[in-house]
Amino acid sequence: MASSRVKIGALVPLESIHSKGCSVSNVPLFEGYNVIGRNDLKISDKRVSRKHVSLNASANGSMEALVEGPNPIIVSSQGQRKKICSNDKVLIKDGDIVELIPGTHLFKYTAIGNDNSSQTPQKSTSPSKRVKRHSEKSESSVAKRTKQILEDEALARDLQQMEDESLFEGSSEKKETLRDFSLSKDKISDTFRLMQVQGIPSWANLNSVTIPDVIQGDVLVAVLSNYMVDIDWLLSACPTLKNIPHVLVAHGESGASFDHLSKSKLKNWVFHKPPLPISYGTHHSKAMFLVYPTGVRIIVHTANLIHVDWNNKTQGLWMQDFPWKDASTLSSNRSPFENDLVDYLYALKLPELQVNLPSIGNVSINAAFFRKFDYTSAKVRLVASVPGYHTGSSLKKWGHMKLRSLLEECKFSKEFCKSPLIYQFSSLGSLDEKWLNEFGSSLSAGKTDDESPLGIGKPSIIFPTVEDVRCSLEGYAAGGAIPSPQKNVERDFLKKYWARWKAGHVGRCHAMPHIKTYTRYNGQSIAWFLLTSANLSKAAWGALQKNGTQLMIRSYELGVLFLPSGIHHGSSFSCTGNSNVILSGSDSSSHKHKKKTKLVSLCWNKGGHSNSSQEIVRLPIPYQLPPPPYTSEDIPWSWDKRYTKKDVYGQTWPRHV
């Protein structure tokens with residue numbers, strides 16, 4: 001019957017880095033009602049429903065799409081990337097790109113007469129292998145434009161491959177740096193992990209993690225803390241969550257996003273938005289607290305609970321498991337990590353959950369509940385921010401003043417005297433030189449073994465350029481998660497700090513960073529390293545007021561600080577594996593044995609100076625050290641500027657033209 005209908009165009013599959021290996025044919029569209037689903041596309045991905053989306057096509061070539069399935073779609077139109085949820089409608093026009101599942105199964109709508117609606121798109125082969133199908137004289141201007149888009153896309157991918165392959169040319173470490181960072185997925189590591197990214201070389205994902213690697217096993221209670229939450233994606237990506245008896249979600253959503261969240265939640269889920277007493281603040285912390293019959297797993301990471309954050313961006317994650325305390329040590333044996341954790345959870349003002357835990361009985365899940373676990377083996381220190389005006393004993397409890405106090409307590413090697421700092425993040429606040437000096441003073445704190453101050457370090461600000469975003473895995477769409485306005489970015493005093501995002505040693509040059517890190521280094525040696533949710537802003541880190549006696553913070557943030565003196569050795573405990581258990585209240589000789597450690601990057605030379613009394617801890621820092629400074633041609637990304645040079649998907653920016 002379709003053959004008797006008027007054809008108005010086609011959905012042309014994009015064989016992009018998001019849907020590598022796509023073999024789907026063009027999908028013809030006819031005037032009137034069209035249904036697109038799993039069977040029509042001949043794909044096995046069950047996230048795509050049998051009746052995934054219906055398209056009501058008009059004679060003029062425009063279409064109204066209705067999302068029929070439970071999972072949202074993404075429509076990119078005129079530089080704006082919109083998520084369309086189940087039962088919602090959207091108008092689709094010629095040239096728009098539709099992602100049937102966010103980040104995957106990409107199709108470009110091509111109206112009839114707009115060239116190539118009946119052709120299979122060109123594959124991502126070398127430009128020298130692409131064949132011209134028609135002479136330029138016979139091509140229409142629209143056909144030329146479409147062809148140029150395809151060629152730009154292929155060229156961008158060729159450049160990416162060339163960059164990855166040439167990075168370590170002439171070196172025995174060619175494309176292998178991350179392979180040296182070898183950790184079992186069953187092991188709770190001494191360091192942190194990068195998250196898996198779609199569309200990068202397989203070697204670059206060898207030691208990365210996915211959300212099912214983290215949320216696994218017999219979880220009794222889950223507390224999930226984040227800013228953005230896509231519950232439809234979350235449940236499809238991690239089905240284990242559906243079986244957890246009690247789930248509490250602390251979030252930062254509002255408006256329509258929160259309305260959808262509320263409608264989609266399961267019966268045993270509770271949502272809570274922590275109070276924001278000061279305007280322009282957010283609940284931005286990204287963490288998970290998973291209670292098991294044997295203990296608790298704590299995860300601090302940098303990704304929103306949405307598809308693109310866990311699949312298309314450079315992200316980091318730390319986790320460690322801790323056993324239950326013995327009854328005799330419940331009110332004692334309180335480590336600094338425990339105190340910091342409980343203080344932070346109190347600040348969230350979480351609603352209490354009344355639950356019945358096997359072999360434990362009826363308990364209230366609140367901040368005090370988390371004192372029931374033994375954190376003496378913690379390998380990191382927590383650095384959190386909570387909104388408020390902090391004075392007196394609370395002045396150094398939060399934000400950059402907390403980081404300052406922890407560094408002041410630590411002794412560092414003399415090699416880090418006046419050594420440089422790295423500020424790496426995805427959003428830049430409205431800054432001034434006075435605050436940047438205040439922040440730099442906190443990050444420069446610390447002394448050497450002979451009590452000499454380390455001295456102020458010169459910072460480099462690692463931040464994506466416009467060209468980085470344009471040629472990224474997501475094209476300009478990646479810029480939506482780098483929300484820095486031009487007025488914040490183009491300040492003269494920042495020019496001397498800009499440094500390039502170079503991540504070839506971990507295969508992530510084109511996976512735009514959503515990870516946030518701060519560190520002090522000398523060569524490939526690391527004094528300390530912070531993985532956090534905090535961007536470079538006063539709202540996140542706090543600003544001193546009243547002659548330095550008050551710290552004002554607007555937002556909630558959470559990070560973990562790696563210090564050489566903070567890494568314990570010996571047996572490790574796992575809630576899900578068969579690792580040796582450290583018994584609370586025991587002699588715990590492993591706690592007493594603290595071997596001096598040296599923190600290094602993945603590119604640290606093994607043949608360098610070694611010390612048998614030191615243990616090397618490799619941190620998968622995802623950027624080049626030292627970072628190359630911007631050239632005169634490099635422009636930092638601003639999300640409210642217009643960019644007319646097409647990205648790898650043939651799109652321009654901004655969202656609204």
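These legends go with several close-up views of one predicted model. Local features here need pLDDT of at least 70 and side-chain atom pairs count only at pLDDT 80 or more, while totals for chains, interfaces and linings use all residues. Residues are numbered from 1 along each chain as its sequence is written, and side-chain values use heavy atoms, with hydrogens and water left out.

**View 1. The whole protein, before zooming in.** The protein has 13 helices and 33 strands; these are DSSP runs numbered from the N terminus, with helices being H or I of at least four residues and strands E of at least two. Take the contacts with a separation of 6 or more: 70% of them come from residues 24 or more positions apart (contact means heavy atoms within 4.5 Å).

View 2. His284 sits in the loop between β14 (269–272) and β15 (287–291) and is buried at 10% relative accessible area. His514 belongs to the loop between β26 (498–499) and β27 (516–522), and is buried too, at 6%. Its side chain makes a polar contact with the side chain of Gln315 at 3.3 Å (a pair of N or O atoms within 3.5 Å; within protein, one must be able to donate a hydrogen and the other to accept it, and residues adjacent in sequence count only if both atoms are side-chain atoms).

View 3. Lys286 is in the loop between β14 and β15 and is buried at 0% relative accessible area. A polar atom of the Lys286 side chain lies 2.8 Å from the backbone oxygen of His284. Leaving out residues up to four places away in sequence, Lys286 touches residues including Tyr227, Thr302 and His514. Lys516 lies in strand β27, buried at 1%, and its side chain makes a polar contact with that of Ser426 (3.1 Å).

View 4. Rings of Phe, Tyr and Trp (its six-membered ring) pair if their centres lie within 6.5 Å; planes under 30 degrees apart are stacked, over 60 edge-to-face, and the rest tilted. That rule gives 28 aromatic pairs. Phe192 and Phe529 are stacked, 5.2 Å centre to centre with 5° between the planes. Phe192 is in the loop between α2 (141–166) and β11 (193–194) and Phe529 in strand β28 (residues 525–532), so this pair links parts of the chain 337 residues apart. Phe192 counts as buried at 0% relative accessibility, and Phe529 does as well, at 0%. Trp318 and Phe337 make a tilted pair, 6.3 Å centre to centre and 55° between the planes. Elsewhere, Phe289, Trp324, Phe369, Phe370 and Phe373 form one aromatic cluster.

Terms used:
Buried means under 20% relative accessible area, exposed over 50%, partly exposed in between (1.4 Å probe, protein chains only).
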